[in-house]
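Good morning, and thank you for coming. Please look at the structure on the screen while I take you through several of its features.

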Amino acid sequence: MDKTFILEIVTPVKVVCKEEVLHVKAPGVGGYFGVLYNHAPFLTALKIGVIEAETSAGMHYYATSGGFCEVIENAMKILVETAEAATEIDIERAKQARDRALARLEKKSPDIDVPRAQGALARAMNRLEVAALR
């Protein structure tokens with residue numbers, strides 16, 4: 001029998017994922033980390049990136065904008081502002097968001113919020129990369 005644990009990905013709006021998994025790889029602020037059954041308890045912040053969840057049925061991929069992760073008693077809870085399954089990402093919308101962010105950054109106008117535009121670009125690029133993993 002495979003040793004599984006529960007992965008739950010939650011946003012302020014909905015539960016994006018709640019399933020038994022064999023392994024999870026997530027984007028920690030110090031780098032990507034992996035979690036298996038009986039992992040030691042810990043809490044960490046997440047950055048923009050891809051969450052990879054291996055289940056008995058195959059791999060599932062989620063684009064996240066960052067947040068927090070808690071691992072305790074064979075359960076991994078990920079609390080994030082946004083998360084999307086690779087299969088649910090609207091590629092055209094992500095391309096439009098990327099193009100808008102690039103246009104803002106190219107303007108070099110003093111009224112442009114550069115860190116905000118850079119964040120929007122990073123989120124859009126991440127969504128496009130995760131969508132390619134379908």
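This is a predicted model: local features need pLDDT of at least 70, side-chain atom pairs count only at pLDDT 80 or more; totals for chains, interfaces and linings use all residues.

The largest pocket has a volume of about 350 Å³. It is lined by 17 residues, and those closest to its centre are Arg93, Ala97, Arg123, Ala124 and Arg127.

Which elements supply the lining of the largest pocket? At least two residues each come from E7, E10, H1 and H2. Sorted by class, the lining of the largest pocket comprises seven nonpolar, four polar and six charged residues.

Let us turn to helix H2. Helix H2 covers residues 114-131, which makes 18 residues. From its first C-alpha to its last, helix H2 reaches 26 Å, close to the 26 Å expected at 1.5 Å a residue. The buried residues of H2 include Ala117, Leu121, Ala124, Asn126 and Arg127. Against what do the buried residues of H2 pack? Their partners are strand E6 (49-55), strand E7 (58-64), strand E10 (83-85) and helix H1 (91-107).

Arg127, which belongs to helix H2, is among the residues closest to the centre of the largest pocket. Is Arg127 buried or exposed? Its relative accessible area is 12%, and because buried means under 20%, Arg127 is buried. The side chain of Arg127 makes a polar contact with the side chain of Glu84, at 2.5 Å. Leaving aside residues up to four places away in sequence, Arg127 touches Ala63, Glu84, Ile89, Asp90, Arg93 and Ala94.

Asn126 also has its place in helix H2. With a relative accessible area of 9%, Asn126 is buried. A polar atom of the Asn126 side chain lies 3.0 Å from the backbone oxygen of Gly49. Again not counting residues up to four places away in sequence, Asn126 touches Ile48, Gly49, Val50, Ala63 and Thr64.

Finally, I turn to a residue in a strand. Gly34 sits in strand E4, residues 31-36. At 37% relative accessibility, Gly34 counts as partly exposed. With residues up to four places away in sequence left out, Gly34 touches His23, Val24, Lys25 and His39. How far apart in space are Gly34 and Val16? They are 20 Å apart, C-alpha to C-alpha, and 18 residues apart in sequence.

Technical notes: Residues are numbered from 1 along each chain as its sequence is written. Side-chain values use heavy atoms; hydrogens and water are left out. Helices (H or I, at least four residues) and strands (E, at least two) are DSSP runs, numbered from the N terminus. The expected span of a helix is 1.5 Å times one less than its number of residues. Buried means under 20% relative accessible area, exposed over 50%, partly exposed in between (1.4 Å probe, protein chains only). Contact means heavy atoms within 4.5 Å. A polar contact is a pair of N or O atoms within 3.5 Å; within protein, one must be able to donate a hydrogen and the other to accept it, and residues adjacent in sequence count only if both atoms are side-chain atoms. On a 1 Å grid over the protein atoms alone, a cavity is a set of points where a 1.4 Å probe fits but cannot get out, and a pocket is an open set with protein on both sides within 12 Å along at least five of seven lines; lining residues have an atom within 4 Å of a point. Grid points are joined across faces, edges and corners, and a volume is the space filled by probe spheres set on the points. Ala, Val, Leu, Ile, Met, Phe, Trp, Tyr, Cys and Pro count as nonpolar, Asp, Glu, Lys and Arg as charged, and the others, Gly among them, as polar.
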